[in-house]
Amino acid sequence: MKQYKAVNWNEPENDYALMFWEQNIKQFWIDTEYIPSKDIDSWKALSPEMRECYKKALGGLTLLDTLQSHTGMPKIMDHIDSLQNKSVLAYMCMMEAIHAKSYSTIFTTVATSRDIEDIFHWVQNNKYLQFKASMIDKYYRKLAETDISKEDLFMGLCASVFLESFLFYSGFFIPLWLCGQGHMVASADIIKKIVADESIHGVFVGLLAQDVYKKLPHPEKAKEKLLALLNELYENELKYTEEIYTEVGLTAEVKEYVRYNANKALMNLGFEPIFEVKRVNPIVMNGLNVETTQHDFFSKKSTNYEKSMEIVHLRDEDFVMDTSIAI
Ligand SMILES: [Fe+2]
Ligand SMILES: [Fe+2]
């Protein structure tokens with residue numbers, strides 16, 4: 001008979017689970033803490049092309065977070081032995097659902113119902129977005145089986161790291177680029193919280209992948225497979241970037257940012273970078289580093305746009321009149 005085990009956090013299972021658990025908790029946030037309505041004037045001042053690009057970028061991001069929350073994290077969790085690592089993944093899965101919802105929080109403040117309908121319709125029909133979702137999902141679906149090879153698990157983890165550390169960034173570029181110049185700043189505070197989360201997710205899942213890689217019977221073959229997947233996704237990212245950024249003249253800069261993040265994904269998996277990166281737009285880097293929020297995953301939770309979450313509950317004693325005060 002199968003013995004069910006309870007997660008015991010008093011016995012360390014590895015060197016990093018508790019550290020990642022605590023850091024994830026420290027980064028906790030929800031979309032409704034933020035006030036994107038502060039961006040309404042900024043939104044109206046954007047050109048129609050810029051607004052279109054922004055909406056499409058956020059639509060694409062919503063699709064990736066939906067896939068990661070509904071499929072990626074739960075499927076990976078099934079094949080990870082450490083119960084503490086499973087708990088970290090479960091927490092990350094919940095955050096992916098918050099990420100996916102938070103784009104809707106931004107949409108609902110800046111876009112009309114008709115616009116929102118159009119964005120979701122576009123997402124469902126855009127061939128490049130659908131291609132990247134189906135490529136990643138293909139590896140996640142293999143994890144749906146109970147009996148899988150170590151290589152299948154490794155490739156599923158690689159697909160997850162590619163999604164987290166690479167595929168999001170063509171979408172993150174525009175909110176960060178605008179924010180770096182003082183536009184759509186309140187909405188960018190939400191985006192920056194998502195970037196900080198994706199950063200820690202990519203590092204954590206990358207470590208899980210590295211653990212599996214060490215045990216592979218044919219690691220070279222697996223490495224070839226992951227590089228082939230990266231290249232296929234990269235070619236698609238270039239076309240996706242052209243489709244959404246040509247009208248606003250940012251294609252070349254976004255492609256550079258895409259290569260920069262593809263290298264980061266490889267490094268999270270323990271491999272050398274393969275793309276030559278000349279210069280990432282400093283405005284985008286600046287967009288990540290404004291004083292209110294920080295990209296570094298060891299950052300604290302803090303932004304100027306948060307609503308107050310420090311609620312002091314009233315107690316019975318608070319209603320007792322202080323008779324020492326002279327009227
Ligand atoms: Fe996410
Ligand atoms: Fe994530």
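Which protein donors does the iron ion (ligand 2) have, and how far from it do they lie?

1. The protein donors of the iron ion (ligand 2) are Glu 96 (OE), Glu 164 (OE), Glu 164 (OE), Glu 198 (OE) and His 201 (ND1), at 1.9 to 2.5 Å from the ion. Donors here are N, O and S atoms within 2.8 Å of the metal (3.2 Å for Na, K and Ca), and since water is not among the atoms, sites may look incomplete.

2. This is a predicted model, in which local features need pLDDT of at least 70 and side-chain atom pairs count only at pLDDT 80 or more, while totals for chains, interfaces and linings use all residues. Residues are numbered from 1 along each chain as its sequence is written, chains are lettered from A and ligands numbered from 1 in the order in which they are written, and side-chain values use heavy atoms, with hydrogens and water left out.

3. Along the sequence, the donor residues of the iron ion (ligand 2) follow the spacing E-x67-E-x33-E-x2-H. Glu 96 coordinates both this ion and the iron ion (ligand 1), and the two ions are 3.4 Å apart.

4. Glu 198 and His 201 both belong to helix H9 (residues 185-214), where they are 3 residues apart, about one turn of the helix; helices are DSSP runs of H or I with at least four residues, numbered from the N terminus. Both residues are buried, a term that means under 20% relative accessible area, with exposed over 50% and partly exposed in between (1.4 Å probe, protein chains only).

5. Ser 165, in helix H7 (residues 150-167), counts as buried because its relative accessibility is 3%. Its side chain makes a polar contact of 3.0 Å with that of Asn 268, a polar contact being a pair of N or O atoms within 3.5 Å; within protein, one must be able to donate a hydrogen and the other to accept it, and residues adjacent in sequence count only if both atoms are side-chain atoms. Neighbours within four places in sequence aside, Ser 165 is in contact (heavy atoms within 4.5 Å) with Gly 202, Asn 261, Ala 265 and Asn 268.

6. An unreviewed UniProt entry lists residues 153-178 as "transmembrane region", and such annotations may be inferred rather than shown by experiment. In the model this stretch is 96% helix and 0% strand, with its end C-alpha atoms 38 Å apart. Helix H8 (residues 169-179) is mostly covered, 11 of its 11 residues being buried, among them Trp 177 and Cys 179.

Key: Helix = DSSP H or I, 4+ residues; strand = E, 2+ residues; numbered from the N terminus.
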